[in-house]
Every structure is written in C-alpha cells, then in structure tokens.
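Reader: I would like to learn how to read a fold from contacts and simple counts. Please take one model as the example.

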Amino acid sequence: MLSRVADSLYWMSRYIERAEHTARVLAVKLESMAEQTPDDGRASWARVVQALGHMSWDEVPDDAFAITKRLAFDRANVSSLIASLTLARDNARQVREALSNEVWGNLNRLYLYLSAVQGDSIRAHAPASLFRRALDEMQALEGVIYSTLSHNEGWYFLELGKYIERAQLLGRLLDVYFRKDGVQPKYFDWLVLLKFCTAFEPYTKLYTASVRPQKLAQFLLFDADFPHSICFSIDRMSEALAHVAPAAPPGRRAAVERLAGRLKAGVDFGQIDELLSGGIDVFLNDITRQCEKIHEAVFASYITYGAETVL
Amino acid sequence: MQQEALADIEDFGGPDPLTELPRAALAGKDVPYARYRLGAAYDEMFAPDGKPRGSYAALDRRLTSLPLDELARRQHACEQSFLHQGITFTVYNDSQATERIIPTDLLPRIVTAKEWDHVERGLIQRIHALNLFLGDIYGDAKVLKDGIVPREMIFGSKHYRREMRGIPVPHGAYVNVCGSDLVRNETGEFLVLEDNLRVPSGVSYMLANRDVVRRAFPGIFRSMNVRAIEQYPLELLATLRALAPFDQDVSIAVLTPGVFNSAYFEHAFLARQMGVELVEGRDLLVNDNVVYTRTTSGLKRIDVIYRRIDDDFIDPLIFRENSSLGVPGLFNAYRAGNVVIANALGTGVADDKAIYAYVPRLIRYYLSEEPLLGSVETFLCREEKSLAHVMANLDKLVVKAVGESGGYGMLVGPHASPAERAAFGEKIKADPDNYIAQPTIALSTAPTFVGDGVEARHVDLRPFILAGAETKLVPGALTRVALKQGSLVVNSSQGGGSKDTWVLSA
C-alpha cells in the first residue's frame, strides 16, 4: 500500500485510541467524584492530569469542570480529547478512499457530536454522560473498523497504531500510580485505576474483589488475555508488525522485527515481584522508550525511506 | 446519533402517486406553489398555463399531498446526510475553519427520454469534433491552414501546450472526461454553454444527490422508471483501463492536489468507487522515465493517471516550476509513452470561451454534419464590429473573460449597476481579445424547495461524457441551481446549489 496511506491510517488509529482513553478516564473520574473527600479527590485529579496531559498540576485550576474543559475541549491543548479526535479525522480524511463509509461516517459523527460542545457550556451537558455516549460511539467505531474493513495490510497498520498507543498510555497511567513520591493512592484510587482500564470486572474474576497494588500491576502488565494490558498490547503489536509491508526486502523488515522481538521477550518473561522491588517506573519507562524505537523503525523502513535506497 | 438521518423518511405507505386522483394545483395559485412565478424563461415543471407537464405529474402529486413541514424535514435530513458523509467544503475565517455543505435541493429535476436522447447524441457528436480538433492542432494543424480558426487564437492561448505537439494519445482522445454545461432557452431548446475539457468536477455530486434524493422520495422514484447512474465509476474505470497499451494488470491512480482542494471529496470518492489508488504528487516519483508510487513494500509502477490537477501544476520541470503539487519528470515519462495521463495535457485550448464560437464550424469541418445541439450566439470582442456591438449593448449582454471559469471575471449586464458596467467596459477596451459576450439567456427554471414553499429557480445541466475506446454518457447529470431568486449564476462558489437529475427511461 502507499506509504502515505499507511502513515495516515497508523496515526488515525493512534489518535482514536488516545481519544477513547481520555474519554474513559474522564467519564470514570467524574462518576467517582461523589465518593471521595475533597482532599482525596484533589490528589486523584492530579494523577489524571499527569496521566492525560503534558502539563503540571500547577497549571491546572482546582475545579473539576475547569479541568475537564482543559482535558477534553480545549483545542489549544494538543492532547485534549477534541484535539485527538480532530487529528484522527484529519488523517481519516486524507485516506478517505481507504476507509469504508461506515468507518468514516462513524468517526465523522463522533467528531461533529463532540465539536458541537463549547467549552463553557459543559456544565449544562452533564459531562460524564456525554463522555459515556462518546465512548459508545467509539466502541461502535472499533466495531466497524473490525467488521467493515478487509483485514489486510492497512488494517494491520491500524492495529499497530492502536496497540503502540495503548501500551504507551497504560505505561504512563501505571507510572503515575506507582510513583514513590507524592500522595500515595488509597484503596478507592486503585479501584478507580482498574475502571480507567475497563479492568475492574476482569480483575475481580481472576483475583476476587480484594484489590491489591501488586496483583493489579500483575494484571495490567502481564495478563495475556485482557485487551487493556501491556502484555496483550505488545502481543498485538508484534502480530501487526508481522503483517505490514509483506513484500518489503528482508533487510528492512529485520530492523523492525528485532526491536519488536526484544520488547515482547522483556514483557513475556517479566516478574512482578522483581519489578516491584527493583523499580516499576524503570520498567515502564523502558517499555515506552522501546515503543518509540519501534515507531521510528517502522517509519524508516516502510514509510519515509528514500527512493535512492531502493532503485 | 447512530441513525442515518434519512432512514426514518417513509414513502412506502403513502398514496400511490399513479393511482391517486389528479389534483389541479396551479403554479402561482395553490399550495405549495403559491409563490411560483412563471416568467419569460422556459419552466421545467409547468406549462405556460400553470399546469404541470406530464413528466412532473407524479412529483406534483407527491408535493401537493405532503405538508410543507414534512418537506422541510426531508430537506433537513438530506443536508444532515451530506454533513455526516463529509461531503463538504471548508470555509476559512479568522479563528476556526468551518465546513459547509454545497446546498442540495430536495426536488429532482426531470429530463424526459426524448430530451435525453437528443442531448446524448449532440454531446457525443461535439466531443468527437473537439477531440479531432485537438489532434489536429497538436498535429498537422490543417484546421489552421484551411483558415477555419485564426492561428493567433491557438498559439496565443494560455492553455496551448507547445510541448504536446506530435505526441500521440490513445484512441485520439485528448479529452477522456468532459463535463459540458447546457442551458435551455425560452423555447426549451438545449444549448451548449460551455465545454469543460480540463479537469471537470461535479460527478460525485451527481451520484451523492441521487443517493439522498432517491431516499427522500422512494415511492415516486420507483414508479417513474428513472435510469440508473450508479455505474459511472465502473464506466470511468473501463475508460481509463482502455487507455493503457496492454490489457492485463493495468495500474491506475487518481492524482489529487490533496485534502485542501475543494474537490478532494470527489477525488477520494472516485478512487474508492473504482478501487484504485488515490495519490498526491509526493507519492509519485519518476525514475528512468517510468512513474512509480512509494509503497510500504517498495516502489510500484503506475500505467494510467487520472489527474485532477491543472496542466500548470503537473510537472515543475516543464510547467510551473514552483509547483509542489506535481511530479518532477512526469511529462518526460508521458512523452516516452510509459504512462498515460487523462485528460491529456493542453486540452484547455479547446474549451476557451473564444474557441466556443467556432465549435459549430468545427463540427461541420471534421464530421461533415450539422451540429445537433445549438450554441449561444457569441460576440468575439477581438473583432471590431462585435466590440462596437458589445460596448453599445452592455446592459443586455453577459460578458466573460476568455480564460476564466467558475463564474469569475464576468459581467451580467442586465443585473449590473451603471457604474459596474462602465468599469467593466474599460477592462474590455483595454484587452478586447480577452473578452467575449453573449446575449443573456433566461435559463430555464425548475421547482425548488425554499423552506416554506416551492418556487422557480434558474438551472443548468452538466452531463458527463467519457471518451476513449468508446464514447458514452451515463444517463444523468448534475443540475446546478441558482438559489437566489432571479439569479442566473449557478456556480457553487457564487451561491449556487445542485439538484438530482432524473432521466426517464420512457
């Protein structure tokens, strides 16, 4: 497929994943506000801001609506929900011919729905239910991406973007919660963290409702069956890499596959007790860095390569 | 939000339009036509006595049986459908880019089988003559030697491409996709107003309009035997494929200037419907006079390019050197015969508004036939006698700059103020060769939904002609409509909209 098309599909998918993550975290956070004391709530918002935005807590006003507005509807904030969706749609528009009517139509409706919300009017919108509705649409979008597109190379570029993004988002979120400095999370915070990752019910089925940080880390890092775990994301990423650029010369494929293999091995054989004693933040940072390297290798090998290297 | 806005429109249970008793709703008298004015112009729907013509009878019965707010609801549903599909163009203002739809009118424009047959034969004749003309002026130039067309009009045209001389094109077809603008005069006769031979657009709107309007009036659509147009992308693909010098594995691409072009939706739409690659200049590269696209697996050869970029921008080495839209070396690959470009370069010389005046003569010269379709009487300001006539009658004429399109650089005399006419007159005198003038034609009017009733608005007709191994039209067209009351300017950049066009099979 055209390198430019692969590029746009990949980014479209990354931005959709980012938008969905943002919407879910905000929905869960807003819904759980009533159950926390003001102090706990403030600490919990601080973690959300760190996990979702490239900004420090000092920049953010101490008001749930103001924070929501900043994280969701501020177009000037490059990592806001609306900014992610705009970028996803811009990329989709550039590869409109590579998408089905259903995929484009769903993404476009989602964008029109959320872009109609003006920042100052969100109080009137009951934001938690607004994000829930957006999430329903996003899941429908995921459905039509799965069911109306051929699972060919382009689809695997979508998969690649989605799971690289997911691994990095999970990495950042876990990092915020397992940090040694600052206010330590309480029991309720760990519950909320599971809900941020749609992991509460799957977790309880495996470990009962007794939520403990170690088990939680074990689950979100290493559970091979749960879609919002880092292990699962990296599995899918590796599978996608095996399917993109099928006819590329072996030399160029090898550079990408070597990096992916190393990352997968690190996660497959990781031990949670070692990690918790040796510093989980180091491990998470390493995963994020390796994901970035894979991203760079994919672009260098399949997308931005110079014509002189192949003629 | 999930529901398609049009899905809840239902006509199935409504009265069968063909068996219901005819009602006598008269234009200018009865709801919904109370404000429908019949003027000097030919009206598509109503005869001069205010009664609907036969071809519009079913639509009339539907319109008179539906409450106005139901029509308004359907109109709104059509607009939502366009918005959701992203069939929009972008307007940039100070802070935020807003997306607008090109307004589509709910009511179809109807063309009878007999009218269509005439239009179809006339346009096929015309495109044959124009392709022969292009082959001639880029070949032996007999038409110039025989004095049919003045030499300086060809060699002085900014659309003449010297580089094209002596380059053979497949099947002699320089123009493979043509979108001709037709209008109807006061007697209802179809006249050709303009041949668009470069990169005509609008065909995606023809198809998109059909898609929504058919769903807004499913009952009468079924009962009226409207001819299908959905095969257009397939016909286009066949036309492009037949331009390649071989049959198997022809690799075709649509070349677009990119997502910021106002017709980008159409480029993407056609590529998707044909199942071919949509490429931008930066996706292509030329090596050793062969054109390739850059793919994830390496380079892939391209055989036929359906280009939607103007000549000037196609190859910075040959044409406009600061263009970043085109592909360096593309023209040499073309000249070497390693890639086909459709339409060929240099076709603009034949759709020049001054050459237009010569087309009837070209038809007689090349085909020894009389033109089947009339043209609009045209005064070339380059001729002294015509210039005097134009200057004396500016209040009655439409004056157009020769090389412009899209409704720019023109004066509609009867609608302009004396000051505007005087200013335009100065421009004509300064550069008479650049202007032509035509009498104002009161374009035919068609019923148009205006929110609280149905009124008459002026329309034109743009069918699309495909030429290559065969020449053909799909039985349909884009009808453009001037939404402002009394306006004769149908261009979308100037407040025009469009209508679905129903060609009847019998």
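Reader: In chain A, what share of the contacts with a separation of 6 or more is between residues 24 or more positions apart?

Author: Two residues are in contact if their C-beta atoms, placed from the backbone, lie within 7 Å. In chain A, 72% of the contacts with a separation of 6 or more join residues 24 or more positions apart. This is a predicted model, where local features need pLDDT of at least 70, side-chain atom pairs count only at pLDDT 80 or more, and totals for chains, interfaces and linings use all residues. Residues are numbered from 1 along each chain as its sequence is written, and chains are lettered from A and ligands numbered from 1 in the order in which they are written.

Reader: How many helices and strands are in chain A?

Author: Helices (H or I, at least four residues) and strands (E, at least two) are DSSP runs, numbered from the N terminus. Chain A has 14 helices and zero strands.

Reader: What is the radius of gyration of chain A?

Author: The radius is taken over C-alpha atoms, and the globule rule is 2.2 Å times the number of residues to the power 0.38. For 311 residues a compact globule would be near 19 Å, and chain A agrees at 20 Å. Its C-alpha trace spans about 65 × 50 × 35 Å along the principal axes.
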